[in-house]
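Here are my notes on this model, point by point. Have a look at the structure first, then read on.

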Amino acid sequence: MRIGELAARTGVSVRAPHLLTAGLPSRSIEPLMPYVRSREVAPELVERLRAERERIDGRIGDLVRTRDKLDSIIAVVAAAAHEGTSCPRPEGDLVAHHPR
């Protein structure tokens, strides 16, 4: 959903959602729009923002773990290339799993 569509659906100006975007997806911003419209700073708003931050932290953690596994695989492959040998079969922690 685009910012203009979100603004129209929630009855605020197009500028209002930009106060909250900060890289957040529209589906995360939409529930916050009543607070923007009313200019109310309610405990629920703080909790929703904190929950969104925790969700983002979880995704960052998943990405860091995936990157670290990829770094391990790159190191093994680079060493094999440098030595002119074939790549070893993936084992345990060297197999990168896509986080869901």
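Which helix does Ile 56 lie in? Ile 56 belongs to helix H5, residues 43-83.

1. Ground rules. The model is predicted: local features need pLDDT of at least 70, side-chain atom pairs count only at pLDDT 80 or more, and totals for chains, interfaces and linings use all residues. Residues are numbered from 1 along each chain as its sequence is written, and side-chain values use heavy atoms, with hydrogens and water left out.

2. Overall make-up. The chain has five helices and zero strands, so helices (H or I, at least four residues) and strands (E, at least two) are taken here as DSSP runs, numbered from the N terminus. Of the 100 residues in the chain, 22% are buried; buried means under 20% relative accessible area, exposed over 50%, and partly exposed in between (1.4 Å probe, protein chains only). Among contacts (heavy atoms within 4.5 Å) between residues at least 6 apart in sequence, 33% join residues at least 24 apart.

3. Helix H5. With 41 residues, H5 reaches 60 Å from its first C-alpha to its last, close to the 60 Å expected at 1.5 Å a residue; the expected span is 1.5 Å times one less than the number of residues. Leu 45, Glu 52, Gly 61 and Ala 80 are buried in H5. After H5 comes Gly 84, with a positive phi near 70°.

4. The nonpolar patch. Ile 56, Ile 60 and Val 64 make a nonpolar surface patch of about 200 Å². Patch residues have over 30% relative accessible area and no salt bridge; like charges are joined within 9 Å, nonpolar side chains (Val, Leu, Ile, Met, Phe, Trp, Tyr) within 5 Å. Ile 56 counts as partly exposed because its relative accessibility is 31%. Areas come from the Shrake-Rupley method with a 1.4 Å probe, and for residues only the protein chains shown count as cover.

5. Salt bridges. There are five by this rule: a side-chain nitrogen of Lys or Arg within 4 Å of a carboxyl oxygen of Asp or Glu. One joins Glu 52 and Arg 55 at 2.5 Å, N to O; both lie in H5, three residues apart, about one turn of the helix. Glu 52 is buried because its relative accessibility is 12%, while Arg 55, at 29%, is partly exposed.

6. Another pair in H5. Asp 57 and Arg 53 meet in a salt bridge at 2.9 Å, N to O. Being four residues apart in helix H5, they are separated by about one helical turn. Arg 53 is exposed at 55% relative accessibility, whereas Asp 57 is partly exposed at 37%.
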